[in-house]
Amino acid sequence: MAHKNTHTFEDVLIKRIKAGIFGIRNSTKSPSEAGCGSLFTRLKTLNEPMYQELLNDYKAAINQYNLQDKSRH
């Protein structure tokens, strides 16, 4: 019997948040295009420590994005 690759809802949220952070860091997505807000809200109820860790990464990516945005103008 083949192993079925199943992902929990939490896994999907984490993957989508990390993808959003990656896009922001690489300036391929703006923070609003990344759409992480509602994902963070859902993750917080499922896994508070992971929420905090990813939120810190997200804040750092936003700061980097804003600095790069200022240097473009």
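**Helix packing and ring pairs**

Helices here are DSSP runs of H or I with at least four residues, numbered from the N terminus. This is a predicted model, where local features need pLDDT of at least 70, side-chain atom pairs count only at pLDDT 80 or more, and totals for chains, interfaces and linings use all residues. Residues are numbered from 1 along each chain as its sequence is written, and side-chain values use heavy atoms, without hydrogens and water.

Helix H1 covers residues 9–25, and its angle with H3 is about 140°, with the axes 10 Å apart. Axes are lines fitted to C-alpha atoms over the stretch in contact, and angles run from 0 to 180 degrees between N-to-C directions.

Which residues in H1 and H3 meet? With contact meaning heavy atoms within 4.5 Å, Phe-9, Glu-10, Leu-13, Ile-14, Arg-16 and Ile-17 in H1 meet Leu-39, Phe-40, Arg-42, Leu-43 and Leu-46 in H3.

Now the rings. Phe-40 also forms an aromatic pair with Tyr-51 (ring centres within 6.5 Å). The pair is edge-to-face (planes over 60 degrees apart), at 5.9 Å centre to centre and 80° between the planes. Phe-40 lies in H3 and Tyr-51 in helix H4, residues 48–72, so the pair ties together parts eleven residues apart in sequence.

Ring pairs link Phe-40, Tyr-51 and Tyr-58 into a cluster.

Methods
Rings of Phe, Tyr and Trp (its six-membered ring) pair if their centres lie within 6.5 Å; planes under 30 degrees apart count as stacked, over 60 as edge-to-face and the rest as tilted. Helices (H or I, at least four residues) and strands (E, at least two) are DSSP runs, numbered from the N terminus.
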